[in-house]
Amino acid sequence: MQALRTAATGMSAQQLNVEVISNNIANMNTVGFKKQRAEFQDLLYHTIERAGAQSSEQGTIVPAGVQIGGGVKAGSVYRITEQGAVTNTGNPYDLAVEGRGFFQVLMPSGETAYTRAGNFSLNADGQLVTEDGYEIQPAIAVPNDATSIAVSKSGQVQAIRAGQTEAEVVGQIELATFVNDAGLEAIGDNLLMETAASGPANVGAPGADGFGTLLQGYTEASNVDAVTEITALIVAQRAYEMNSKVISAADEMLQAANAVKS
Amino acid sequence: MDNAVYVGLSRQMILRRELDIIANNVANADTVGFKVESLMARTEPAAPAETFGAPKPVKFVLDAGVARDFGQGALFTTGSDLDLGIEGDGFFEVTTEEGARYTRDGRFRLDELGRIVTQAGDPVSGDGGGEIIVNPQDGAVTIAADGTVSQGENAIGKIAVMRFDDLSALEKAGDNLLRNVSNLQPEAAPDVRVRQGMLEGSNVKPILEITRLIEVTRAYESVTRMMESTADLSRRAVERMGRAN
């Protein structure tokens, strides 16, 4: 019975939906996290009687055909790159991007990863690094006798050395943008990788045309909205239940067919 | 006598098909732009039964076609710039490898070339054909109610919204797409409004589907019972005739 398989596709689609929602909720407090959404599409249709087919020699045609759908499938899991709220942390190495753009992170493998999570710190050499100790690109080295550092909106990093009053420029932070942000591949640890779908990275200084600006002492909160997620969860749960109801109806019909006495 | 069993069988086959369609509706209750379907049944008069003294021809149940309800689904906000919902009678046109397809699913995005594409990566047609190319460096994309796409002050294109005089020209092709299976040419739909940041939900009404589901199950059971009593009847007839001998 097709109905059994169709309802099963509905149940597995809703299961995927719940998985995506639960990942969003779990990352509600993850810095720079972007919520995801499961997108569904209907499956192929099996045409039993084609609309427009001739129904007689006189040229009359079938006005409406019979097509039976095979259920639903997940089209894609889409990342919604809406801006998250910026929250004050007071840490001078915390940076938030307001607008478009990703920080570039040098991975141990030599590849470049991209992130919106700007909760950076310094390593033993005075380099600006991510939580995992990966250097950001281009490298920013803060002198070890610096008493304070300032990051401008346009990404210029300045440090005041001990015993001096003049600030000294120690580096320039650059951002990367992509034509299709949603095409980036998440690899965990708040990091994203470039893919063929995202297009090549376009690197530039913060504040330039098409790039966001930086905010020192703030981080970008996750853009997950608890109310939307919980509502989506309720919808998914009920849809799952309805599909299971179809399965039990199909089962009941098969049972009735099996119970026929000869 | 056996005709009753065959009539019952024809009804059971249609009921099963109807269940398949309900299952597809329920599975797609959460699919953007999905349009609900239902099975239309008709009776088919067959040759008169060959039993003696049966004056009426036997009628079987057959499927006549699938009715598709193109009614508006509820629009809901998503906040994504390239999510578009259509208010009114019209479709977006998508250019796939197999030719033009039509859809009410407005979950678009940009591809690596900056084109506005569907989930599957097929470009969305602009007014009068062609693709719409966005330069992400030029700022946010605004889409007006008539489909005009602009970035800042510059209009960069217009999303085509087409309509069909006769909706039965369309056949579902999966992936939320519809295929034109007739010679009918679509025309522009000027009175339709495109809503940016919104999507059209499926127009499946869960309560109706579940009610129909119960109806189908019960109808199947009663047809089964009818077939059983028919079989009973012939068994009793055989027993009696056996006694007369």
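Analyst: Two strands are taken to pair if DSSP finds at least two bridges between them. The coordinates examined here belong to a predicted model. By that criterion, strand 10 (residues 148-151) of chain B pairs with strand 11 of chain B, the two being joined by four bridges and running antiparallel. Within this pairing, Thr148(B) has Lys158(B) of strand 11 as its bridge partner.

In general, the strands of a sheet pair through backbone hydrogen bonds, in either a parallel or an antiparallel sense.

Another antiparallel pair in chain B is formed by strand 5 (residues 91-96) and strand 6 (residues 99-103), with five bridges between them. Phe92(B) has Thr103(B), in strand 6 of chain B, as its bridge partner.

Chain A also holds an open sheet of three strands with antiparallel pairing, in the order 12-13-14. Its edge strands are strand 12 (146-151) and strand 14 (168-172) of chain A, each of which pairs on one side only. Neighbouring strands of this sheet are turned against each other by 25° on average, again with direction ignored. Five bridges connect strand 12 of chain A with strand 13 (residues 156-161) of chain A in the antiparallel sense. Opposite Ile149(A) stands Ala159(A) of strand 13 of chain A.

Most residues other than glycine have a negative phi, and most peptide bonds are trans. The bond that joins Gln137(A) and Pro138(A) is cis, with omega about -15°. Pro138(A) is placed in the loop between strand 11 (136-137) and strand 12 of chain A. Asp189(A), although not a glycine, has a positive phi of about 50°. The loop that holds Asp189(A) runs between strand 16 (185-188) and strand 17 (191-193) of chain A.

Chain B is assigned domain 1 (3-71 + 204-244) and domain 2 (75-200). The centres of domain 1 and domain 2 of chain B, taken over C-alpha atoms, are separated by 40 Å. Five residues of domain 1 of chain B and eight residues of domain 2 of chain B take part in the contact between them. On the side of domain 1 of chain B that touches domain 2, three residues are nonpolar, two are polar and none is charged.

For chain A, the assignment gives domain 1 (2-52 + 64-81 + 224-258) and domain 2 (86-219). Here the C-alpha centres of domain 1 and domain 2 of chain A lie 39 Å apart. The contact brings together seven residues of domain 1 of chain A and nine residues of domain 2 of chain A. Classed by type, the side of domain 1 of chain A that touches domain 2 has three nonpolar residues, three polar and one charged.

Finally, the two chains touch. Chain B contributes 48 residues to this contact and chain A contributes 56 residues. On the chain B side, two or more residues come from each of helix 1 (3-27), strand 2 (59-68), strand 7 (109-110), strand 13 (170-174) and helix 2 (206-244) of chain B. The residues of chain B that touch chain A comprise 19 nonpolar, 15 polar and 14 charged.

Within the helical part, the axes of helix 2 (residues 226-258) of chain A and helix 1 of chain B come within 9 Å and cross at roughly 165°. Because an angle over 145 degrees counts as roughly antiparallel, helix 2 of chain A and helix 1 of chain B are roughly antiparallel to each other. The crossing of helix 2 of chain A past helix 1 of chain B is left-handed. Helix 2 of chain A makes the contact through Met242(A), Asn243(A), Val246(A), Ala249(A), Ala250(A) and Met253(A), whereas helix 1 of chain B supplies Leu19(B), Ile22(B), Ala23(B), Val26(B) and Ala27(B). Of the residues in this helix contact, ten are nonpolar, one is polar and none is charged.

Terms used
Residues are numbered from 1 along each chain as its sequence is written. Chains are lettered from A and ligands numbered from 1 in the order in which they are written. This is a predicted model: local features need pLDDT of at least 70, side-chain atom pairs count only at pLDDT 80 or more; totals for chains, interfaces and linings use all residues. Two residues are in contact if their C-beta atoms, placed from the backbone, lie within 7 Å. Ala, Val, Leu, Ile, Met, Phe, Trp, Tyr, Cys and Pro count as nonpolar, Asp, Glu, Lys and Arg as charged, and the others, Gly among them, as polar. Domain bounds come from an automatic or database domain assignment. Axes are lines fitted to C-alpha atoms, for helices over the stretch in contact, and angles run from 0 to 180 degrees between N-to-C directions. Angles under 35 degrees count as roughly parallel, over 145 as roughly antiparallel, 65 to 115 as roughly perpendicular and the rest as oblique. A crossing is left-handed if the near helix is turned anticlockwise from the far one by less than a right angle, and right-handed if clockwise.
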